[in-house]
Amino acid sequence: MKKQKVFGMLVVGILFLFLIGCSETESSNDANSQTGERENADSSNESSETVTLNFFDWFDEENYMEDVIAKFEEANPDIKINATFVPTNEYEQKLLVNMSSGEGLDVFAVANVGGMSNYQSKGQLLDISDLIDRNELENLSPLIEQLEIEDGLYSLPYRSGAWALYYNKDIFDEAGVDYPDETWTWETYEEKAKELTMKGENGQIWGSLNYQPSSTWWRVPANTAGINNPNNPEDLAGFKEAAKLNYELSYEDKAQEPYSDLVGEAGKDYTGRFLQGNHAMLFNGEWLVEMLNSAMEDGSGEINYDVAPLPYTEGMEPRSAGAMAVAMVSKNTEHPEEAVRFLSYLASEEAGEIMAGHGVLPAWQSDITTEAFVERLDQPENAGVFFERPINSQVPVDDPLYTEGMKIMEEEVSLYLLQEKELDETFNTIQERIDSEVLNK
Amino acid sequence: MKRFNKKYLVAFMFLLPSLIGLSIFVLYPILASLVMSFTNWDGLTPMKFNGIENYIQLWKDETFKISLINNFYYTGVSVPLTIIFSVLLAIMMNAKVKGIGVFRVLYFLPNVTAAIAVGVIWSSMFTKEGPINQVIALFIENPPHWLGSSLWAMPAIIIVSVWKGVGYFAIILLAGLQGIPHHLYEAATIDGANKWKQFIHVTVPVLSPVIFFCTIMAMISSFQVFDTIVAMTEGGPGRATNVLVYHIYNTAFLDFEFGYASAMSYILFIIILLVTIIQFRTQKRWVHY
């Protein structure tokens with residue numbers, strides 16, 4: 001009897017320890033996410049009115065966001081920003097952990113609106129439509145309009161990606177082709193790419209630079225026509241045209257390297273390939289300027305390049321494409337007023353000027369931000385083109401299932417671009433898979 | 001009786017720390033994911049119990065089926081190859097040659113190298129005009145595109161896995177080989193058995209328990225292949241190298257469908273369990289203790 005009792009107590013004891021163990025792991029998680037709040041407590045000793053906001057962002061943004069935050073804190077002594085920069089590939093998981101604990105997260109940013117609509121659909125975001133000062137953000141109103149979902153506004157844009165046409169001037173000169181300009185359509189691009197493909201002194205010169213087949217950058221020509229969502233059958237037809245264009249450039253015009261050559265190491269580094277000077281043109285975002293210039297500073301190649309407006313779709317208004325980065329406020333924040341103040345600052349002209357000074361395109365487009373972006377650059381000469389055209393969002397604002405649809409399209413189109421499947425077959429499969437795996441799940 | 005139980009209790013107390021560790025870090029996650037597999041949890045919205053819906057959904061999930069087939073393909077080819085090459089390598093390593101220790105270390109090295117690094121290096125070896133194809137081009141005209149081809153991507157992954165796994169199993173098998181009593185070979189020689197017959201009738205049967213252990217271990221890890229896939233193909237081209245764990249990872253940490261991913265991992269668990277049971281059942285036919 002006694003033995004049984006002891007054993008029973010032991011079992012209960014273990015279970016008890018087990019429970020403590022569990023609750024401890026949970027509370028230590030909380031402690032991690034609450035470090036900010038603790039700092040809050042500390043700093044509130046200094047001045048009783050200081051509010052600390054926990055701001056989450058991904059790694060790549062650290063260098064300019066730190067300046068932006070410093071400027072903000074200077075102007076708002078009552079708010080302290082506790083910023084955490086998370087490695088890009090862990091970022092979404094980190095956000096999820098903080099959201100599920102419901103604490104330690106006030107303001108955060110995502111690289112495209114797809115993430116925003118996903119969090120909104122899960123009820124994690126604060127509706128800021130009545131909290132922001134629309135007059136102050138007048139400059140952004142066209143973008144803000146795009147961001148409104150279900151009669152609410154859950155985010156503000158602070159960065160706007162913009163694609164442009166990068167070209168190697170020397171190759172154009174050698175081939176005697178005029179530099180690209182604002183009249184170029186995608187047909188012009190294809191035609192000129194053919195003309196520019198030739199045997200050069202240092203081997204093959206390609207008219208156009210191709211990406212690896214598992215990327216989805218072949219879709220950009222469709223984006224300029226306002227097409228962005230594979231879950232929408234009409235858009236899918238537009239993507240089909242874009243895939244076809246890229247296929248033709250590789251296999252019919254032979255103006256760019258075939259995809260199978262780019263699988264593995266060689267396909268990943270487009271900056272390095274462009275710097276080798278064997279590619280006349282490529283389309284890419286504004287971030288490439290910084291990448292090219294710093295790679296050249298490091299001595300990995302030297303080319304004479306410039307940018308021109310992204311070719312547009314024939315018969316449509318000339319527009320560029322880009323993915324807006326947005327910031328939002330967690331619905332669990334204890335300081336909505338302060339959080340919105342910081343959010344509005346991120347979107348403001350002053351913050352935009354700082355970002356532009358780091359080679360990043362701010363959402364706020366004005367002479368001041370344009371100048372900050374353009375002036376610091378020796379190359380490209382026409383960096384202003386990033387600011388010239390209205391930008392189509394590459395990501396739909398109101399579809400939380402966008403990423404899943406894109407993944408299917410990426411998988412299937414890569415087979416087409418590797419010449420394993422026919423075009424029609426590919427897009428029929430995409431439609432079927434989206435119907436069964438995304439829409440009717 | 002009483003004394004025995006007291007001893008038992010003391011032993012139990014000594015085991016307690018590790019038992020607690022086991023419950024928190026192993027048992028709890030296992031049970032939690034079992035519970036989760038019957039919910040539609042996405043990490044954010046409240047967990048909702050949805051019965052066996054996830055498991056029903058799995059049978060309709062084309063990508064899951066493809067990843068399952070790919071995984072069986074991978075296991076079916078890579079495990080026998082790994083074992084065959086490990087046995088051969090172990091026999092070579094058993095040779096009494098000067099500097100054999102160096103070779104043993106060299107063959108073991110791939111095993112201690114990070115899979116991601118291995119994958120990146122091999123990816124560049126498999127490029128269209130990479131070193132592998134330059135060698136192949138000496139013999140045939142159109143060498144395969146390896147990672148750029150649905151047909152050849154999986155063989156490429158298998159080659160890398162075999163290359164990486166062989167050293168480890170060879171060391172285990174080497175220990176087994178060195179435990180074979182010499183008199184068995186002497187007896188066989190007297191009976192007139194040549195080297196090949198000695199290998200088939202002495203080495204393999206005596207080594208069979210070790211081979212059996214290696215097969216089980218290789219099989220289990222082959223169902224969990226992940227990092228090589230991430231580093232080399234990301235499941236592509238298309239879905240040609242999408243395997244179970246890779247699909248589970250994507251479902252859980254990219255789509256954030258934790259409930260559904262848990263259901264998949266339980267199916268994976270059942271598959272590994274079944275295959276292991278089958279192996280234990282059939283071992284009587286070829287394993288000699």
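## Aromatic pairs and a covered strand

Over all chains, the count comes to 44 aromatic pairs, where rings of Phe, Tyr and Trp (its six-membered ring) pair if their centres lie within 6.5 Å, and planes under 30 degrees apart count as stacked, over 60 as edge-to-face and the rest as tilted. This is a predicted model, in which local features need pLDDT of at least 70 and side-chain atom pairs count only at pLDDT 80 or more, while totals for chains, interfaces and linings use all residues. Residues are numbered from 1 along each chain as its sequence is written, and side-chain values use heavy atoms, with hydrogens and water left out.

- B:Phe38 and B:Tyr55 form a tilted pair, 5.5 Å centre to centre with 40° between the planes.
- B:Phe38 lies in the loop between helix H1 (2-36) and helix H2 (53-60) of chain B, and B:Tyr55 in helix H2, so the pair ties together parts 17 residues apart in sequence; helices (H or I, at least four residues) and strands (E, at least two) are DSSP runs, numbered from the N terminus.
- B:Tyr55 is buried at 16% relative accessibility, whereas B:Phe38 is partly exposed at 24% (buried means under 20% relative accessible area, exposed over 50%, partly exposed in between; 1.4 Å probe, protein chains only).
- In chain A, one aromatic cluster includes A:Trp163, A:Trp186 and A:Tyr189.

**Strand S3 of chain A**

- Both faces of S3 (residues 107-110) are covered: A:Val107 and A:Ala109 on one side, and A:Phe108 and A:Val110 on the other, are all buried.
- Strand S1 (residues 51-58) of chain A runs parallel to S3(A), joined by 2 bridges (strands pair if DSSP finds at least two bridges between them), and A:Phe56 stands opposite A:Phe108.
- Strand S13 (residues 324-329) of chain A pairs with S3(A) in the antiparallel sense over 4 bridges, with A:Ala327 as the bridge partner of A:Ala109.

Key:
Chains are lettered from A and ligands numbered from 1 in the order in which they are written.
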